[in-house]
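Student: I would like to learn how to read a protein model step by step. Could we take one together, beginning with the way its strands are arranged?

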Amino acid sequence: MFKSFYENLKYARPNYILTIIFVSALHSLISVIISASLLYYLAGLVVLLILTILFVFYSGKKNRTEVLTLKKIIENISNNELKSPEEIRLGNYLVELESAIKTMFVTKQADISNLKKLEQVRTEFLGNVSHELRTPIFAIQGFIETLLNGAIHDEKVNMQFLGKAMAHTRNLNNLLNDLIDISMIESGQMRMSFDYFNVFEFLEAIVNEMKPLAEKKKLILKLAEIDKSISLFGDKSRIRQVMINLIQNAIKYSEKGKIEVIVEDEVEYGRIIVRDTGIGLSESDLGRIFERFYRTDRDRSRTVGGTGLGLSIVKHIIEAHKSKIEVKSKLGFGSQFAFRLKKNRESL
């Protein structure tokens, strides 16, 4: 009992003690003025002290209850035992504190949710990387073992197997390069070198480089008419990486027709477009094609090659240019990818 009494007194606010001293002093002064009787003075002082102690005791008890409630709420938040901010309730005069704790709770729940998503993404990423690495490694291992077991002397298959092993080695190298790019971009270590470049000369060189690949599939790859004076602002080497990836994808997923590279001259920007007449994308695929290792058709993707990281890298590079990659597509009717770069003021 005395322990509980002492605990309650500890939680009494310091200003209550000051109130006791002030009231006692006031009582003494009034008693001296009104009556010189020591008996009346002592009796009044005792009553006053008893009432004051009771007041302090119950005030301290109330404060202690609120502190313990607050402590319990914080423990429940730390242990993730609360499901809703509405479970957090404090006294009427602690409304602002209650609101702050609810905000903290909501923020903590969001952080936990994000951490779980990141963990899931990390697990999926590691699984995908393991799978993507295993495929070419096992293929190379199989071809080499076959050659070592005697096929090296068979002129009908030895060069064929070596060629296939070499192709898988290139795929493995491409995958590792893409993984390095993704890692550097997401860690903020990829250095960008921004400058103005002539967009006609830039795209013409890329289109001429990619034409043989398109012609192998009897596709037409063309650069639309462009104002040859337009200069755009960006990292030329990274934008080249973007264009190579978009044109390669257009060729891979087109069986007939053409691929056009277009530059639309806007007021402050140049809008670069890669448009194809390929197989297109479904609505369900459009929201996920920029995810790492996402494949719209896994069997077909394996056949045409690629690491599954290209569009994710494209998205990161374009966003590093303070722009956004746009995609329009309809299943069976081709696709269009586009992004904007700032124009040189002299071109405006």
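Student: In what order do the strands of the open sheet stand, and what is their pairing?

Tutor: A word on the source comes before the reply. This is a predicted model, in which local features need pLDDT of at least 70 and side-chain atom pairs count only at pLDDT 80 or more, while totals for chains, interfaces and linings use all residues. Residues are numbered from 1 along each chain as its sequence is written, and side-chain values use heavy atoms, with hydrogens and water left out. Helices (H or I, at least four residues) and strands (E, at least two) are DSSP runs, numbered from the N terminus, and two strands pair if DSSP finds at least two bridges between them. Here 5 strands form an open sheet with mixed pairing, in the order 2-4-5-7-6.

Student: Which strands stand at the edges of the sheet?

Tutor: The edges are taken by strand 2 (220-223) and strand 6 (326-329); each has a single partner strand, so one side of each is left without a neighbour in the sheet.

Student: How many bridges join strand 4 to strand 5, and in which sense do they run?

Tutor: Strand 4 and strand 5 run antiparallel and are joined by 7 bridges, and a hairpin leads from strand 4 to strand 5 through 3 residues. Across this pair, Glu264 stands opposite Arg271 in strand 5. Strand 5 also pairs with strand 7, in the antiparallel sense and over 7 bridges, where Arg275 stands opposite Gln336 in strand 7 and Ile272 has Phe339 of strand 7 as its bridge partner.

Student: Is strand 5 mostly covered or mostly open?

Tutor: Buried means under 20% relative accessible area, exposed over 50%, and partly exposed in between (1.4 Å probe, protein chains only). Strand 5 is mostly covered, with 6 of its 8 residues buried. Over the chain of 348 residues, buried residues make up 36%.

Student: Which residues touch the most other members of the largest nonpolar core?

Tutor: A nonpolar core is a set of buried Ala, Val, Leu, Ile, Met, Phe, Trp, Tyr and Cys residues joined through side-chain atoms within 4.5 Å. The largest one has 48 residues, of which Met243, Leu246, Ile247 and Phe339 touch the most other members. Among the elements that give two or more residues to this core are helix 5 (158-186), helix 7 (236-252), strand 5 (269-276) and helix 10 (310-320).

Student: What does Met243 touch, not counting residues up to four places away in sequence?

Tutor: Contact means heavy atoms within 4.5 Å, and by that rule Met243 touches Phe202, Leu203, Ile206, Val261, Ile272, Val274 and Phe339.

Student: At roughly what angle do the axes of helix 5 and helix 10 cross?

Tutor: Axes are lines fitted to C-alpha atoms, for helices over the stretch in contact, and angles run from 0 to 180 degrees between N-to-C directions. The axes of helix 5 and helix 10 come within 10 Å and cross at roughly 30°. Asp178, Asp181, Ile182, Ile185 and Glu186 of helix 5 make the contact with Ser312, Ile313, His316 and Ile317 of helix 10.

Student: Is Ser183 buried, exposed or partly exposed?

Tutor: Ser183, which is found in helix 5, counts as partly exposed at 44% relative accessibility. Its C-alpha atom is separated by 10.0 Å from that of Ile313, although Ser183 and Ile313 are 130 residues apart along the chain.
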